[in-house]
2 protein chains.
Amino acid sequence: MFFEGAEKKLEIIVDKSLQPLTNRPDSFWKEIVAKCEATILSQIENSKMKAFLLSESSLFVWDDRILMLTCGQTKLIQSAKFFVNELGADHVDCLFFQRKNEYRAQLQPSDFLEDAKNLMKDFDGEVVRFGKLHSHHTQLFYTTKEYSPIDSDCTCELLMYDMAPEVIGFLTREDLTIAQIRDFFQLGKIFPDFELDDFVFKPYGYSLNGIRGEDYLTIHVTPQEKSPYVSFETNIKLCSETRVFLNHFLEILKPFSFDVMTFNCTTELDFGNTYMKTIHVKDSLKIGYEVDFRYFNKRSEAPEKMYRYKELD
Amino acid sequence: MFFEGAEKKLEIIVDKSLQPLTNRPDSFWKEIVAKCEATILSQIENSKMKAFLLSESSLFVWDDRILMLTCGQTKLIQSAKFFVNELGADHVDCLFFQRKNEYRAQLQPSDFLEDAKNLMKDFDGEVVRFGKLHSHHTQLFYTTKEYSPIDSDCTCELLMYDMAPEVIGFLTREDLTIAQIRDFFQLGKIFPDFELDDFVFKPYGYSLNGIRGEDYLTIHVTPQEKSPYVSFETNIKLCSETRVFLNHFLEILKPFSFDVMTFNCTTELDFGNTYMKTIHVKDSLKIGYEVDFRYFNKRSEAPEKMYRYKELD
């Protein structure tokens, strides 16, 4: 069974007239999630935000914005259209719709450019790509209506591919508990003051949301041998500490390659001879976000064996 | 307008009862080509083989085998099925069906594993992958019926991505002549004794077949800004000279990255600090072919700007 871990991502910031979004009933969020063909598994909240753990990734809600990440074959564009139609495109200050290169793009229900065209019916926007279409990349639609990001609005994504064999071996054990996986990621050490909500999928796979005031972090683990992938994303202002957080995950997961994508919190990254930067795109969106996309690879040392398909789906 | 340069590839070796294939009428080859929704543009031949230049790549016919490469959104699997149904699966000694990672896999009429399943209806075979599903790779179905490749049966593919901007600038000039492109590639210098047949597409794009006895070479150029790609393939026993041929193309096209795939003619390749090997797969097929797949990348020096889509198709 093939599972696509790569997430689609939607962020919508609304004007004052729709705030606070956190006051909307859970039935509303349930409906949004249903539109992309996912379900809510559990939720946590504090005075600043709500975090829903989904059957395919996560939904975060603040007073002024939502952030939704969905993987697998979900139709995130439908959640975006539903939200905009229900609440009114005029009340949207800013919308981002982002998709990265998938393992098997041909199995997705829509193509990114098709989704972007769909959003262009409701909004003026720009469509851009960071990275190479034949290799790693992220494509982004964003609205170009006048907007200035607030100071705390930063994002860091770390997207890791082909974790070391012993890591995949551990993560595909079918009897893993939440405690074992938290321990594996040493989450208590690196994020001691976050409230956590996590779920172990059957036969394997793991998702976690963490919140602390307005800060979130989210981890999604696809250990499937055909598409090994782990994503980590947060809005913690990492800045000079980015390296510490990235190294934490890289040392635990030992991926073959990874992408780092940041919005308004870029920092120098150099991994010496361990990982080489093969793609680097750095640019500014018209509405004031500094975006940085980097793809790092190990140098191939000894040749690998070919992959032999045991099943063809 | 988007154009997919990455080729699908079919090779079929038949038993004595069907030889010589070169005696079949051109109407037969026209029909095979029509099945994948391409057309024949021109042809050349010698006493050993025929070479057809197609609207999407090439078809080569020898007494005992055919080799067909098709790009764009062609349905090569349909040509394969037609050939096998017309001539009989029992008379096929060996069949290879190969597809590499596409720029936009989601626009293809079928998925590789779907094609492989289709071939499994007629043949016992193995399905394998060289490289990473999330990055560069080639997938291959091959028949596992007992077979021993003949000595001269070797192949070298050089697949180049993101040629230097000045190269793309030249290759997308809309008034280029065959003479100018041959001169650009210095084909007379490197392949002096091949009979050549080539075609310049409108508004741009270029295909070339060359033959010399049983030897072929073929070049296909997709200079489109959205999917820049040039492929070179040959069965010349390059061996120790492989580096010379590869360097010839790399120096002219200055690609950002490239794949080298060889069947029964591997050789050491090291490009120092210019290109780093990020993927290397080396293995043997059950029927005696040594396959070597390597993906080379430039190290990213200065960050690039993001790509801004001017049109969404």
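Two residues are in contact if their C-beta atoms, placed from the backbone, lie within 7 Å. I start with that rule, as my first entry rests on it.

**Entry 1: ground rules**

I am looking at a predicted model, in which local features need pLDDT of at least 70, side-chain atom pairs count only at pLDDT 80 or more, and totals for chains, interfaces and linings use all residues. Residues are numbered from 1 along each chain as its sequence is written, while chains are lettered from A and ligands numbered from 1 in the order in which they are written.

**Entry 2: where the chains meet**

I looked up the contacts between the chains: 43 residues of chain A are in contact with 43 residues of chain B. Which elements give two or more residues to the side of chain A that touches chain B? I found helix 3 (112-120), strand 7 (125-131), strand 15 (276-284) and strand 17 of chain A. Strand 15 of chain A gives the largest share, eight residues. For these names, helices (H or I, at least four residues) and strands (E, at least two) are DSSP runs, numbered from the N terminus.

**Entry 3: how the copies are related**

Next I traced a sheet, taking two strands as paired if DSSP finds at least two bridges between them. I read an open sheet of nine strands with antiparallel pairing, in the order 17(A)-7(B)-8(B)-6(B)-1(B)-5(B)-4(B)-3(B)-2(B). Strand 17 (307-308) of chain A and strand 2 (40-45) of chain B stand at the edges, each with a single partner strand, so one side of each has no neighbour in the sheet. Helix 1 of chain B packs on the sheet and touches strand 2, strand 3 (49-54) and strand 4 of chain B, its direction making about 140° with that of strand 4 of chain B. Such angles run from 0 to 180 degrees between N-to-C directions, and the axes are lines fitted to C-alpha atoms, for helices over the stretch in contact.

I found another open sheet of nine antiparallel strands, ordered 2(A)-3(A)-4(A)-5(A)-1(A)-6(A)-8(A)-7(A)-17(B). Its edge strands are strand 2 (40-45) of chain A and strand 17 (307-308) of chain B, each pairing on one side only.

**Entry 4: strand 5 of chain B**

Is strand 5 (residues 65-70) of chain B mostly covered or uncovered? Mostly covered, I note: five of its six residues are buried. A residue is buried if 20 or more other C-beta atoms lie within 10 Å of its own, exposed if 12 or fewer, and partly exposed in between, with C-beta atoms placed from the backbone.

Strand 1 (residues 8-14) of chain B runs antiparallel to strand 5 of chain B and is joined to it by six bridges. Strand 4 (residues 57-62) of chain B is also antiparallel to strand 5 of chain B, with four bridges, and a hairpin of two residues joins strand 4 to strand 5 of chain B. B:Leu67 is the bridge partner of B:Glu11 and also that of B:Phe60. B:Leu69 stands opposite B:Ser58.

**Entry 5: helix 2 of chain B**

I followed helix 2 of chain B across strand 1, strand 5 and strand 6 of chain B, where it runs at about 15° to strand 1 of chain B. Its buried residues are B:Leu76, B:Ile77, B:Ser79, B:Ala80 and B:Phe83. They cover an arc of only 160° around the axis, which puts them on the same side of helix 2 of chain B; the arc is that of the directions from the helix axis to the C-beta atoms. On the other side of this helix, B:Asn85 and B:Glu86 are exposed. After helix 2 of chain B comes B:Gly88, with a positive phi near 95°.
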